[in-house]
Amino acid sequence: MSLTREDVTYVANLARLEFSEDEVTALADQLGAVLDYAETLSGLDTSHIKATEHVLAVQNVFREDEIKSCLTNEEALANAPESEAGCFKVPRVME
Amino acid sequence: MEYEIVIGMEIHVELGTKTKIFCSCPTEFGQDENTHTCPVCLGMPGVLPVLNEKVVEYATRAGLALNCEIAHFSKMDRKNYFYPDLPKAYQTSQFDLPICTGGAVGIEVDGVKKDIGITRIHIEEDAGKLLHESADGTLLDVNRCGVPLIEIVTEPDLRSAEEARAFAEKVRNILEYTGVSDCKMEQGSMRFDVNLSIREKGTEVLGTRTEMKNLNSFRALIRAVQYESKRQIIELKKGREIIQETRKWDDTKGVSSSLRSKEEAHDYRYFPEPDLVPIVLEPSYIERIKSKLPELPEAKKKRYVEEYKLPEYDAGVLTTTGVTARFFEEAVALYNEPKQISNWMMVEIPPLLKENEQSMETITITPALLVELLKLVRDKVISGTSGKEVLKEMFVSGKNAGDIVKEQGLAQMSDTGELEAIIEKIVADNPKSVEDIGAGNEKAYGFLTGQVMKATKGKANAQVANEIIRAVVARHLA
């Protein structure tokens, strides 16, 4: 198996996800299998292929530096679960 | 054991574009909270960012001005982290293929010149502003989200607080000249991060470093470096190990402290931004921007010394900021007396700016007005001393020099008859001075000149007065 339980816990923490012991074991199996499958690509000889820096073959899509209208404060906050004094309100962040 | 301080810096600079990096919201500072937002910078699902062409242009310009290589191919990446200052939960930045690499900036501290290497410059978006004033939560203002930044990363080439300051000032100077940013530190347009470690002098291996983020003034930069280097040296002397960590600099208390909440190792899981396509810059594009670069401080300073025959010190002061240099050049174009203009700009103008709460950006005296005054001094219509008074009055009333001289009757006294009478009396009243001069003490002349100036309220033509004083004294001694 290519993925350890520690790997799963570490990634879960980075993604702020919580799993039970059983789920961690199951995910290690499942994600490990996915990674193993992807690993088959390593068997190919890619020495003559240019590295893929980006998946799209398009480049240089720019916009002009021109101001367009913004949302109003009310519109901006319309979806906010909580707001105060014209701002989004989130759980307290310790400095 | 002798210790050596090793410093690398990261400088964040907000670019002076009209709109944000990925959307058309304005970047203007100081607006009401959450009034410069749109679905893109709010991180709404399904939106697509589009890169502002000016950001590419400004970053290229900054890179060229800082002697970097401009990448033919670069791309944007996502830097993932959870912090509510970015609604998307990632910052769009550049990881392995930044737009500029390998630059250098020359600095000089205590007469020693050295080059500070620039590892890279990348473009990225600024985060929002967190306000900690709510009783039971934290408030977020998204206006600053998506304001374009360049991050300038140096090699660990700096060795002291003075070098760090000299480098930071030089970078600000250059960027201000190129016009890519207003570099207003009080508005957060330029912020410094410092990576600092200590090693035994003469060794190559780097010690464990700490990082201090978001120092927003030169003063904070210097003090933070001084404090942190001292702290680390004390730790090492006590035989303790330096812990690799982010430390918070408290500028009010003048101390740095550990940010324990950030102890967990950073793992940003960078990956190519699928919503933005690569940036490919042709040599012709880079050449075009290079050809439009303004004359930079270093070149300007050199030219001032060669073309205007100014001392290196003057040239350095006058080229510190673009506005100062522009003022000087406009004045010289009107009146070819560079040294006189330089003296007045360096000595007389700064205290008056302070007194009148102005700066070179907001100065009410134009180069033409200053030149008019300097010509009056050169032609001896007024004395240098009166000139200073006139300049002071120009700042206060906004009137031109000619009018002030007329109104206040400041025109110099060059009438020899009138001056002679005054001088005769002063010499007669000061026999001790005449005696001193007779005994070879030339300094006594200065005293007599001073008395003449006092008696004429500074209006005596100094040269004429001196000639008369010498003649009268000679007569008394004969």
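I started with how open B:K380 is: at 37% relative accessibility it counts as partly exposed (buried is under 20% relative accessible area, exposed over 50%, partly exposed in between, with a 1.4 Å probe and protein chains only). This is a predicted model, where local features need pLDDT of at least 70, side-chain atom pairs count only at pLDDT 80 or more, and totals for chains, interfaces and linings use all residues. Residues are numbered from 1 along each chain as written, chains are lettered from A and ligands numbered from 1 in written order, and side-chain values use heavy atoms, without hydrogens and water.

I noted that B:K380 has a positive phi of about 60 degrees, though it is not a glycine. I found B:K380 in the loop between α9 (367-378) and α10 (384-397) of chain B (helices are DSSP runs of H or I, at least four residues, strands of E, at least two, numbered from the N terminus).

Next I checked the two helices. α9(B) and α10(B) pack at about 160 degrees, axes 9 Å apart (axes are lines fitted to C-alpha atoms, for helices over the stretch in contact, and angles run from 0 to 180 degrees between N-to-C directions). So α9(B) is roughly antiparallel to α10(B), a label for angles over 145 degrees. I listed the contact residues (heavy atoms within 4.5 Å): B:L369, B:L370, B:L373 and B:V377 from α9(B), and B:G384, B:G387, B:V390, B:L391 and B:M394 from α10(B).

Last, I looked at A:A85, which is not a glycine but has a positive phi of about 50 degrees. A:A85 sits in the loop between β2 (83-84) and β3 (87-90) of chain A, and is exposed at 62% relative accessible area.

Key
Parallel < 35°, antiparallel > 145°, perpendicular 65-115°, else oblique.
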